[in-house]
Amino acid sequence: MSKELRFLVVDDFSTMRRIVRNLLKESGFVDADEAEDGVVALQKLRSSTFDFVVSDINMPNMNGFQLLGEIKKDDKLKHIPVLMVTAEARKEDIVLAAQQGAAGYIVKPFTKATLEDKVNHILTKTGLK
């Protein structure tokens with residue numbers, strides 16, 4: 001069942017979006033869409049159905065924390081797990097992500113195994129797997 005989940009990959013860097021999508025595909029998660037920032041991501045989340053969000057933190061217009069906040073205060077979206085991705089492993093960011101309801105946190109660069117393990121752990125924890 002988990003392999004049919006729909007992912008939204010949010011990152012302002014198109015190469016990073018492609019890398020994450022390819023890693024998800026290699027892990028068996030073939031249905032993924034992309035957004036270049038939180039504003040576009042929120043529009044897509046509100047106009048379509050997604051099961052999982054993988055979001056960068058540092059983005060223009062609306063960053064990952066702002067996007068996470070918008071998702072968590074929207075009754076139609078707050079059930080969607082959000083995996084935060086960042087290039088900076090700052091302790092305060094990890095704490096803030098957890099406090100705001102992020103399902104997980106990984107630091108770039110990461111391997112397929114890291115992403116796959118984190119996604120599968122979150123899916124198991126949230127009952128989506």
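How many aromatic pairs does the structure hold? The structure holds two of them, where rings of Phe, Tyr and Trp (its six-membered ring) count as a pair if their centres lie within 6.5 Å, with planes under 30 degrees apart called stacked, over 60 edge-to-face and the rest tilted. One of these is formed by Phe7 and Phe29, a tilted pair with 5.0 Å from centre to centre and 55 degrees between the planes. Phe7 lies in strand 1 and Phe29 in the loop between helix 1 (14–26) and strand 2, so the pair ties together parts that are 22 residues apart in sequence. Phe7, Phe29 and Phe52 form one aromatic cluster.

The model is predicted, so local features need pLDDT of at least 70 and side-chain atom pairs count only at pLDDT 80 or more, whereas totals for chains, interfaces and linings use all residues. Residues are numbered from 1 along each chain as its sequence is written, and side-chain values use heavy atoms, with hydrogens and water left out.

**The sheet**

Helices (H or I, at least four residues) and strands (E, at least two) are DSSP runs, numbered from the N terminus. An open sheet of five strands has the order 2-1-3-4-5, with parallel pairing, and two strands are said to pair if DSSP finds at least two bridges between them. Strand 2 (31–35) and strand 5 (104–107) stand at the edges with a single partner strand each, so one side of each is left without a neighbour in the sheet. From one strand to the next, the twist averages 20 degrees. Strands of a sheet pair through backbone hydrogen bonds, in either a parallel or an antiparallel way.

Strand 1 pairs with strand 2 in the parallel sense over five bridges, and four bridges join strand 1 to strand 3, which also run parallel. Leu8 illustrates both pairings, for Leu8 stands opposite Asp33 in strand 2, while the bridge partner of Leu8 in strand 3 is Val53. Four of the five residues of strand 1 are buried, so this strand is largely enclosed by the rest of the structure; buried means under 20% relative accessible area, exposed over 50%, and partly exposed in between, using a 1.4 Å probe and protein chains only.

The table lists relative accessible areas for some residues.

| Residue | State | Relative accessible area |
|---|---|---|
| Phe7 | buried | 0% |
| Phe29 | buried | 1% |
| Ser27 | buried | 7% |
| Asn61 | exposed | 65% |

**Arg6 in strand 1**

Arg6 lies in strand 1, and the C-alpha atoms of Arg6 and Asp51, which are 45 residues apart along the chain, are separated by 5.2 Å. Leaving out residues up to four places away in sequence, Arg6 touches Asp31, Asp33, Ser48, Thr49, Phe50, Asp51 and Phe52, where contact means heavy atoms within 4.5 Å. The side chain of Arg6 also reaches the backbone oxygen of Thr49 at 3.1 Å.

**The helices**

In helix 3 (residues 64–72), the residues Gly64, Phe65, Leu67, Leu68 and Ile71 are buried. They cover an arc of only 160 degrees around the axis, which puts them on the same side of helix 3; the arc is that of the directions from the helix axis to the C-beta atoms. The buried residues of helix 3 pack against strand 1 (6–10), helix 2 (38–47), strand 3 (52–56), strand 4 (82–86) and helix 4 (91–99). In helix 2, the buried residues are Gly38, Val40, Ala41, Leu42 and Leu45, and what covers them includes strand 1, strand 2, strand 3 and helix 3.

At the start of helix 3, a side-chain oxygen of Asn63 reaches to within 2.9 Å of the backbone nitrogen of Phe65. At the start of helix 2, a side-chain oxygen of Asp37 reaches to within 2.9 Å of the backbone nitrogen of Val39.

Helix 5 (residues 112–126) lies across strand 1, strand 3, strand 4 and strand 5, running at about 175 degrees to strand 5; axes are lines fitted to C-alpha atoms, for helices over the stretch in contact, and angles run from 0 to 180 degrees between N-to-C directions.

**The loops**

Ser27 is found in the loop between helix 1 and strand 2, and the side chain of Ser27 makes a polar contact with the side chain of Glu116 at 3.2 Å. A polar contact is a pair of N or O atoms within 3.5 Å; within protein, one must be able to donate a hydrogen and the other to accept it, and residues adjacent in sequence count only if both atoms are side-chain atoms.

Most residues other than glycine have a negative phi, and most peptide bonds are trans. Asn61, in the loop between strand 3 and helix 3, has a positive phi of about 70 degrees although it is not a glycine. The peptide bond from Lys108 to Pro109 is cis, with omega near -10 degrees, and Pro109 lies in the loop between strand 5 and helix 5.
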